[in-house]
Amino acid sequence: MDKRILIIGAGPTGLGAGYRLQELGHTNWRIVEKNDHAGGLAASFTDNQGFTWDVGGHVIFSHYKRFDRMVDQALGSDYLEHLRESWIRILDTWIPYPFQNNLRYLPKEALYQCLVGLLEAGRSFAGTPANFREWILSIFGQGVADLFMFPYNQKVWTTPLDHMAKDWIAERVSVVDFERVLRNVILEQDDVSWGPNNMFRFPLRGGTGEIFRRTAERFKDHIDYQRAVAWIDADRKQIGFQGGGVLDYDALVSTMPLDILVSQIANKPEQVAEATEKLTANKGLVVGVGFARPDPSKKCWMYFPEDKSPCYRVTYFSNYSHNNVPDITRNFSLMGEISFPQDQAVDRDAAVERTVQGYVNTGLIREEDRDRIQSVYTIDIEYSYPVPTLQRDAALNVIQPWLEGRGIYSRGRFGAWKYEVANMDHSVVQGMEVVDRILIVKAECMV
Ligand SMILES: Cc1cc2nc3c(=O)[nH]c(=O)nc-3n(C[C@H](O)[C@H](O)[C@H](O)COP(=O)(O)OP(=O)(O)OC[C@H]3O[C@@H](n4cnc5c(N)ncnc54)[C@H](O)[C@@H]3O)c2cc1C
């Protein structure tokens, strides 16, 4: 049967689906996108001063050959390769990431507290940790928890850590090898090579969004921009748009936030609606500041657990590509990310001022650099992090089977609502896998 496949959203997941549909030679499909551009949260924007910004610092992690193939085809040789240089700012000191492997940079008293905590962690924690907070204590001990893991994670997630599950962690958090920690301290060795993103590629120009702009170009005749889905009739298999218009489908792939998707379906069981209310997300603000001076730093991105800065992470975006600033000999750029609970009103001007003050407080700029600010660009992120709460999996186990029973496949960062598989590579491949499942009845691995 020539299935009519409709895809909501031209972000990485929707484009991954489109890429796979084109690869398979299937022709009966469309992507509908509410924005006037592709890329979703992985889009990039160039401001009127010529500075380019991502929606928060995007680094390509890759776990999948199919994702690499898509990126290769999009970028060709138009990319730069960087060695990760990530740092943590604590107690007015720069500590290379991962924190626990580079404790030797800490002032002595803090170093001692961290080592004692790590030593005691395994011994003193009885039983299996029940939540993320307990997991942190059981692995890192009190010293590292108090100095870094608690305040940093609280800033990112804006959710009490004992309301969060621990099963999502796997490779997202570097855990501890105490002998290695001790060796690094005593032999004064740096240890920065942990993790899947030790090397990363970045588009030569256009920011991360260039990957998705070019991918969307491959099948632009299949994409309708500025078409926002307003309602879904799961019984008739129809979607309707803001401003009018209806489309039929046999299978619907949705990449919009799952809670909004469910709210747009009229006839749903009470338990699906109730489960949806249990999903938690936060929102974010990106503050890009472009300066009229160059900067010699080679740092890529930095974590800020303390309240000297409102940002949990700041990226030297001019170090990702010289084309991210108008003239690399005269400019550099910093891109800060701040999280907020979804129901909190955001005062953007105050957040910008706090961000710049945070840059001064943490030594990224000097007070007089305020006069060299050439550009300020902010991006509101309505849905930023899908929070892996204790209730999440039970809720998803009610919602997703109900949707799939009606030919609706909700995938991607907020479609699947699983932070552990919510990066660009995961999202693209979820799009590809769901197409395989719909058309060639092949099981998905991720969702
Ligand atoms: C602050 C931040 C930093 C990140 N850093 C990294 C990183 O370093 N590395 C990495 O790999 N990933 C990173 N990510 C994750 C990356 O952005 C996501 O993996 C990816 O964008 C998810 O793609 P998606 O298509 O699932 O969702 P989205 O990108 O959210 O795309 C969904 C699309 O659906 C559209 N849509 C929504 N509602 C409707 C509607 N009603 N009608 C029509 N269209 C609709 C939206 O406009 C959007 O284009 C980061 C994300 C954030 C927020």
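**Entry 1**

Helices (H or I, at least four residues) and strands (E, at least two) are DSSP runs numbered from the N terminus. The model is predicted: local features need pLDDT of at least 70, side-chain atom pairs count only at pLDDT 80 or more, and totals for chains, interfaces and linings use all residues. Residues are numbered from 1 along each chain as its sequence is written.

Leaving aside neighbours within four places in sequence, the partners of Ile-88 are Ile-95, Tyr-97, Phe-99, Phe-148, Met-302 and Tyr-303. In soluble globular proteins, nonpolar side chains tend to be buried together.

**Entry 2: domains**

I noted the division of the chain into domain 1 (5-43 + 208-279 + 389-440), domain 2 (94-186) and domain 3 (280-387). The bounds come from an automatic or database domain assignment. Taken over C-alpha atoms, the centres of domain 2 and domain 3 are separated by 26 Å. Their contact takes 10 residues from domain 2 and 11 residues from domain 3. I sorted the domain 2 side of this contact by class and found 7 nonpolar, 2 polar and 1 charged residues. In this sorting Ala, Val, Leu, Ile, Met, Phe, Trp, Tyr, Cys and Pro count as nonpolar, Asp, Glu, Lys and Arg as charged, and the others, Gly among them, as polar.

**Entry 3: ligand shell**

I found 37 residues surrounding the ligand, the closest being Gly-9, Gly-11, Gly-40, Gly-56 and Gly-412. A residue is near the molecule if its C-beta atom, placed from the backbone, lies within 6 Å of it. By class the shell divides into 16 nonpolar, 16 polar and 5 charged residues. Domain 1 and domain 3 each give at least three residues to the shell. Helix H1 (12-24), strand E18 (373-387) and helix H11 (424-440) each supply at least two.

**Entry 4: helix H2**

I asked which residues of helix H2 (residues 65-75) are buried. They are Phe-67, Met-70, Val-71 and Ala-74. Buried is 20 or more other C-beta atoms within 10 Å of the residue's own, exposed is 12 or fewer, and partly exposed is in between, with C-beta atoms placed from the backbone. Seen down the axis of H2, the buried residues fall within an arc of 95 degrees, so they line one face of the helix. The arc is that of the directions from the helix axis to the C-beta atoms. Lys-65 and Arg-69 are exposed on the other side of H2. The cover over the buried residues of H2 includes H1, helix H6 (209-218) and H11. Gly-76 follows H2 and has a positive phi, near 55 degrees.

**Entry 5: loop residues**

I placed Leu-103 in the loop between strand E7 (93-96) and helix H3 (108-124). Leu-103 is buried, because 24 other C-beta atoms lie within 10 Å. Not counting residues up to four places away in sequence, Leu-103 touches Leu-111, Cys-114, Leu-115, Val-181 and Val-185.

I placed Leu-364 in the loop between helix H9 (348-361) and E18. Leu-364 counts as buried, since it has 22 C-beta neighbours inside 10 Å. With residues up to four places away in sequence not counted, Leu-364 touches Val-314, Leu-334 and Tyr-359. The C-alpha atoms of Leu-364 and Val-314 are separated by 9.8 Å, and the two are 50 residues apart along the chain.

Ile-169 is in the loop between H4 and helix H5 (178-186). I counted 18 C-beta neighbours inside 10 Å, so Ile-169 is partly exposed.

**Entry 6: backbone geometry**

Most residues other than glycine have a negative phi, and most peptide bonds are trans. I found a cis peptide bond joining Tyr-97 and Pro-98, with omega about 0 degrees. Pro-98 is in the loop between E7 and H3.

Asp-92 is not a glycine, yet has a positive phi of about 60 degrees. Asp-92 is in the loop between strand E6 (86-90) and E7, and is exposed, with 11 other C-beta atoms within 10 Å. Glu-188, also not a glycine, has a positive phi of about 55 degrees. Glu-188 is in the loop between H5 and strand E8 (199-203), and is exposed, with 9 other C-beta atoms within 10 Å.

Methods: Contact = placed C-beta atoms within 7 Å.
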